[in-house]
Amino acid sequence: MTKDGCTVRCQVPSAYIATNRYPSPYQPGERCIWRIDGKFGQFVQLNILNIDLINGGQSCASSYIAVYDIDLSHKERLLGRYCKENRPHSVIRSMWHHMRVEFRAASDQKEGTGFLAEYSFVEFSQNFTSDLHEGNLIE
């Protein structure tokens, strides 16, 4: 992983990412971006282990983590926006080998402890084989 300010580039096969100083409280107005870059033929799997972003509503409009899938032409597609009131129900998976995770804390909100997540790269062939064995393929 390489870090430039609060933009982190993640290229190791799996790692934990978290708000600065986690599990100590994050600062109002804090922002950070993680760019997760696998290799062609892989996708990114993100498991949010803990999330304490105080927002005051299900919309996660002011304090949140947003997860984006990035396709081959570098277009981003929002996979979800999460906070304490709107947690992901399962592992988040990209369609491609790039993902961006953005953390934003409102400047006027109370502090929470932030979030802790684990990402990993999965080979497309591993996913296809496990789906085949589990009967998840549509005929």
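Are F103 and F115 buried or exposed? F103 is buried, and F115 is buried too. The views below come from a predicted model.

**View 1. An edge-to-face pair joins W34 and F115.** Five aromatic pairs are counted in this model. W34 belongs to strand β4 (residues 31-37) and F115 to strand β10 (residues 114-123), so the pair ties together parts 81 residues apart in sequence. Both W34 and F115 are buried.

**View 2. A tilted pair joins F103 and F115.** Here the ring centres of F103 and F115 are 6.4 Å apart. Their planes stand at 50°, so this pair is tilted. F103 sits in strand β9 (residues 98-104), while F115 sits in strand β10. The two residues are 12 apart, and their pair links distant parts of the chain. F103 and F115 are both buried.

**View 3. Four aromatic residues make one cluster.** The members are Y26, W34, F103 and F115.

**View 4. The charged end of R81 sits over the ring of Y64.** The distance from the charged end of R81 to the ring centre of Y64 is 3.9 Å.

**View 5. E30 is a buried loop residue.** E30 lies in the loop between β3 (14-18) and β4. Its relative accessible area is 12%, under the 20% limit, so E30 counts as buried. Which side chain makes a polar contact of 2.9 Å with that of E30? The partner is R21. A polar atom of the E30 side chain also lies 2.9 Å from the backbone nitrogen of Q27. With neighbours within four places in sequence left aside, E30 is in contact with N20, R21, F103, R104 and A105. F103, one of these contacts, is also a member of the aromatic cluster.

**View 6. V12 is a partly exposed loop residue.** V12 is found in the loop between β2 (7-10) and β3. The relative accessible area of V12 is 33%. That value falls between 20% and 50%, so V12 counts as partly exposed. How far apart are the C-alpha atoms of V12 and Y119? They are separated by 9.6 Å. Along the chain, V12 and Y119 are 107 residues apart.

Definitions and conventions. Residues are numbered from 1 along each chain as its sequence is written. This is a predicted model: local features need pLDDT of at least 70, side-chain atom pairs count only at pLDDT 80 or more; totals for chains, interfaces and linings use all residues. Side-chain values use heavy atoms; hydrogens and water are left out. Rings of Phe, Tyr and Trp (its six-membered ring) pair if their centres lie within 6.5 Å; planes under 30 degrees apart count as stacked, over 60 as edge-to-face and the rest as tilted. Helices (H or I, at least four residues) and strands (E, at least two) are DSSP runs, numbered from the N terminus. Buried means under 20% relative accessible area, exposed over 50%, partly exposed in between (1.4 Å probe, protein chains only). A charge sits over a ring if NZ of Lys or CZ of Arg is within 6 Å of the ring centre and within 35 degrees of the ring normal. A polar contact is a pair of N or O atoms within 3.5 Å; within protein, one must be able to donate a hydrogen and the other to accept it, and residues adjacent in sequence count only if both atoms are side-chain atoms. Contact means heavy atoms within 4.5 Å.
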